[in-house]
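Please look through the sequence and the model below before reading on.

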Amino acid sequence: MAVKVDHRPLNEDKERRRFLREAGAAGRLSGHPGIVTVHDAGILSDGRPYLVMDLCTGGSLTQWLKPQGRQDQQRIRDVGVQIADALAAAHARGVLHRDVKPANILIDSFDRPGLADFGLAAIPEPGEDLSVTLEGMTPAYAPKEVFYLKPPTAYGDVYSLAATLYALLDGKPPRWPDTGTPNLPELLELQANPIERLPDLDPEFMDLLLRAMDDDPERRLTAAEFRDQLQALSFAGAEATTGAAASTTASAASTTVAAASPTSAVASESGGRRRSRRPLVALLLVVALIAAVTLGSIPFGGNASSRSATQPAAAPSSSGAAEASPSGDGSPSADIPSAATPSTPSASPSRAPEGFVDCSQQLGGQSYCLTEPECWTDLGNYRDYVSQATMQDCDQPHLYQTYAAGVLRKPVKSQSQLEARPEVQALCIRTNLNNVLMGRTSRKDWQIAELGPQVILEDDLFRCLFAAGGFRTGPVKLKRA
């Protein structure tokens, strides 16, 4: 099971009652195969709500928005059928979701999609304008009526699901700009534009999505109708080129990487963050080795730790290759530098993973700095499993930002093992944070946290994060970012 503690406190009795009522209703829907099971819900002493739910190891559908994660249209249709059926069941019991989007659809260990965050979805983000995000709905997937302060309806959930499927097919939501987040006047202007047809999508599928996203709620389909018509799509004579083309590109990239080292560069679309991809067999092997560690991307309650500024950086490793440990007990091996070893520049810097540059001269050891800012929210762990977090656009409200990364010499099975590793202790310290900050030093109330390898990123790096005194919008400037 997973515990999700939301960062948004419920300060009013009305909000608390609504959350408990809707989370309880979601719990009664938990037997549905398209809804992530909710076992318990409550409110902490500081006002933050929490849910206890099934752990979904496959992460959220946000990974499908990336070019390398794009799926074919039949697979996306199947997800639509499952989630539409879940919404139909919820609507039949008078429960609205209000915030259907890729981040709220999770994949379990059997590769089945499920809708999550009933109850939490109705809580507005702190500081957000409710004229933009009525009832906490995400603007990119919200129907037109939300921007005119109309109350949420079941038809709004259908629109959001159709917009989600559209985004999974195209890489971005309908009417959404390629870059940046529009303000309220811009959002209203965008709502006046027609939704563009996706030229490579099956025409019947496209027509169905447009009906479900009609500007007039009364002309939209019900969730049950949407489910049935999605299921009836035959794709006769159609080629699933929208997702398949991306999958082919990703497959070719994986084939290239198979002949190179795990940290070799892989080309991606211009302007996007590039990641290294491993061949499927290698990925499955890594997942098998660290299955007990990387248990998905569902965020849990926060568990950041602080480090002393007196800890020195690690000396460089004699080898750039990761050493597998059959036991995975996290114990140091002979070739791992001690945390007490003074920092010295790396004699032969290893090739940096895509999106990073070598920082061994600056931070010591086998360390890397980012070429672009990387931010996170909802960091935490459950029962000492390695912490999981949700990657967040740095221009959106976030709590943590990455300032350095390194390679684990052996896999670990718990967060305490990760934090005890010498290479982690040497890199994730305040001295190194201050070394990469641009023209400033960290304050004493800034937290430092250690984040282990995340399955959705498809790399083997641990990350050193910092929280600059609470939630912020926009990244802190770093020397290498």
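Helix H3 covers residues 154-170, and at 1.5 Å a residue its 17 residues should span 24 Å, which agrees with the 25 Å between its end C-alpha atoms; the expected span is taken as 1.5 Å times one less than the number of residues. Helices here are DSSP runs of H or I with at least four residues, strands are runs of E with at least two, and both are numbered from the N terminus. The model is a predicted one, in which local features need pLDDT of at least 70 and side-chain atom pairs count only at pLDDT 80 or more, while totals for chains, interfaces and linings use all residues. Residues are numbered from 1 along each chain as its sequence is written, and side-chain values use heavy atoms, with hydrogens and water left out.

How much of H3 is covered? Of its 17 residues, 14 are buried, and the helix is thus described as mostly covered; buried means under 20% relative accessible area, exposed means over 50%, and partly exposed lies in between, with a 1.4 Å probe and protein chains only. At the start of H3, a side-chain oxygen of Thr-153 comes to within 3.3 Å of the backbone nitrogen of Tyr-155. Just after the helix, Gly-171 has a positive phi of about 95°.

Among the strands, E2 (residues 38-43) and E3 (residues 49-53) pair in the antiparallel sense over 5 bridges, where pairing requires that DSSP finds at least two bridges between two strands. Val-38 has Met-53 in E3 as its bridge partner. E2 and E3 form a hairpin with 5 residues between them, and in the turn Gly-47 has a positive phi of about 95°.

Strand E7 (residues 367-370) sends Ser-367 and Cys-369 one way and Tyr-368 and Leu-370 the other way, and all of these are buried. E7 runs antiparallel to strand E6 (residues 356-358), to which 3 bridges join it, and Val-357 stands opposite Cys-369. E7 also pairs with strand E10 (residues 400-407) in the antiparallel sense, over 2 bridges, and here the bridge partner of Ser-367 is Gly-406 in E10.

The charged side chains come next, and a search of the whole structure finds 16 salt bridges, each being a side-chain nitrogen of Lys or Arg within 4 Å of a carboxyl oxygen of Asp or Glu. One of them joins Arg-227 to Asp-85, with the closest N and O atoms 2.7 Å apart. This pair links distant parts of the chain, since Arg-227 lies in helix H6 (residues 223-232) and Asp-85 in helix H2 (residues 73-92), 142 residues apart. Asp-85 counts as partly exposed because its relative accessibility is 25%, and Asp-85, Arg-227 and Asp-228 are linked in a network of salt bridges.

Another salt bridge brings together the side chains of Lys-172 and Asp-178, at 3.8 Å from N to O. Lys-172 is partly exposed at 24% relative accessibility, whereas Asp-178 is exposed, with a relative accessible area of 68%. Glu-423 and Arg-421 also meet in a salt bridge, at 3.5 Å from N to O, and both of these residues are buried.

Taken as a whole, the protein has 12 helices and 12 strands, and 53% of its 481 residues count as buried. Residues 24 or more positions apart account for 69% of the contacts with a separation of 6 or more, a contact being heavy atoms within 4.5 Å.

Notes:
Polar contact = N/O pair within 3.5 Å; in protein donor to acceptor, adjacent residues only side chain to side chain.
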